[in-house]
Amino acid sequence: MNIASDRARLPRQIPYIIGNEGCERFSFYGMRNILTPFLITSLLLYLPGSERPGAAKDVFHSFVIGVYFFPLLGGWLADRYFGKYHTVLWMSLVYCLGHACLAVFEHHRTGFFVGLGLIALGAGGIKPLVASFVGDQFDQSNKHLAKVVFDAFYWIINFGSFFASLLMPIFLRQFGAAVAFGIPGALMFVATVVFWSGRKQYVMLPPAPPDPHAFSRVIRTALLAQAPGQARPGLWLAVTSVAAAGAAFALLPRLGFVAVACLALVALIGGVGGGAWLQMERARGTHPDAAVDGARNVLRVLVIFALTTPFFSLFDQKASTWVLQGNEMAMPAWFQSAQMQALNPLLVMLLIPFNNLVLYPLLRRHGWEPTALRRMTAGIAFSGLAWIVVGGLQLLLDGGTPLSIFWQVLPYALLTLGEVLVSATGLEFAYSQAPASMKGVVMSFWNLTTTIGNLWVLLANAAVRNGTVTGAIAGTGLGLVAFQMFFFAGFALLAALAFGLYARGYRGQDNYRA
């Protein structure tokens, strides 16, 4: 009885991970949320004024793409070579170096962009691992506490984000970029020390040994295996996707390297994954049924992830498009449009306990179980509603109606509700669906959804630079910004419909360790 009771308690090492995450998120959001205003008012002054907002959005979303692409590297290194703890520790030091570059090279574009690259590498490298490292501290005896801790994990992320969003714009205005970017760097160093301090108490699962029946090997077998008298449509689909990925680089002059590389990645994942799905049964015999079924389930999870990408294309624009809209609105002299972003983490900290303690129990009492996929479907839809509202505000601004920036509170509330339902839920969902040998990589694919979401933003920004497209938009009677807002709203609502339909046939997995 006592042993069971003891095992059901919250692991003692969890506070170290939560403390690390709070400091790291202050660090990340502190620099991220002042990046667009800093670029427009300082680093991009060499451009004409009319071009700076678009250039700042491109830099911002390219940076976010990098942050959420490098989890693929971090997850692979942790799963195959170094384990989660050591990968997080070393990537954190790279992260600190990136912050130092931002503070030192505030007036030097190359040095500043190198700093952004190092932060993208460091932040991206640890991003899938800290969350899955939390999951590693639990087993079947106390996994019910993991769901609470994942919410607490997301809560502390927003605790750090709230104070960073509120304070860093003030430091940028009052003390300059060196101080405003230096403080987040100091917090990242503290985060690294806190994480290192818990090293003797962590459950550290070793990297997975080479597995002849690993996911990648099952996929390769499925694509290459021949069946007598049968064609190989999956292989041809995969080959076509490789050709399409190569052809995407012809768009380099128009779209830039980051967008083109992401397009190539989407083509590869879609073609290779889809091709393997068509021929998956051919892997049986060469690989055990459990490995084949596991690979098929990972592909199902990737479809779930793909359908969330429109949400992230909307969510991350609160730090670019919404900040630029705020600059057109009336506000107190002591306030800056970037500070509105503090409302997002504040609402998250309120909504997570409200949902868990009030909303979800109420829904269950009325016979409706708020499963992870149902919550995520609703969250994507709420993000679409938020953009309908913010698009309506833009129409009023375009028509000459003066508006206070505090009108943005309503779309922020709707978007934040969507975030809690998608992002906080998705963290635990991604971990629970990942096979033991694929935890880091599957969590990396979850983070890749944000990369693809920001790719849609870069493509939309590139489209509106085309004269034919802008002429067609002008024919609608809407301003360019308002049209984009309603376009993204429709994008999200269609994605919510597709997500809900697909989720109805999805069978969930329970991959917590025994």
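This is a predicted model: local features need pLDDT of at least 70, side-chain atom pairs count only at pLDDT 80 or more; totals for chains, interfaces and linings use all residues.
Residues are numbered from 1 along each chain as its sequence is written, and side-chain values use heavy atoms, with hydrogens and water left out.

**View A. Helix 2 against helix 8.** Here helix 2 (residues 14-32) and helix 8 (residues 177-197) have axes that come within 8 Å and cross at roughly 165°. Helices here are DSSP runs of H or I, at least four residues, numbered from the N terminus. The axes are lines fitted to C-alpha atoms over the stretch in contact, with angles from 0 to 180 degrees between N-to-C directions. So helix 2 ends up roughly antiparallel to helix 8 (over 145 degrees).

**View B. The salt bridge between D316 and R32.** The closest N and O atoms of this pair sit 2.7 Å apart; a salt bridge needs a side-chain nitrogen of Lys or Arg within 4 Å of a carboxyl oxygen of Asp or Glu. The pair links distant parts of the chain, 284 residues apart: D316 is in the loop between helix 13 (289-315) and helix 14 (321-327), and R32 is in helix 2. D316 counts as buried because its relative accessibility is 3% (buried is under 20% relative accessible area, exposed over 50%, partly exposed in between, with a 1.4 Å probe and protein chains only). R32 is buried as well, with a relative accessible area of 3%.

**View C. A salt-bridge network around R284 and D289.** The side chains of D289 and R284 meet at 3.2 Å, N to O. D289 is partly exposed at 46%, and R284 is partly exposed at 28%. Shared partners tie E281, R284, D289, D293 and R296 into one network.

**View D. A nonpolar patch that includes F159.** W155, F159, F163, L166, L167 and I170 make a nonpolar surface patch of about 450 Å². Patch members have over 30% relative accessible area and no salt bridge, and nonpolar side chains (Val, Leu, Ile, Met, Phe, Trp, Tyr) are joined within 5 Å. F159 belongs to helix 7 (residues 143-175) and is partly exposed, at 36%.

Terms used: Patches are made of residues with over 30% relative accessible area and no salt bridge: like charges are joined within 9 Å, nonpolar side chains (Val, Leu, Ile, Met, Phe, Trp, Tyr) within 5 Å. Accessible areas come from the Shrake-Rupley method with a 1.4 Å probe; for residues, only the protein chains shown count as cover. Helices (H or I, at least four residues) and strands (E, at least two) are DSSP runs, numbered from the N terminus. Angles under 35 degrees count as roughly parallel, over 145 as roughly antiparallel, 65 to 115 as roughly perpendicular and the rest as oblique.
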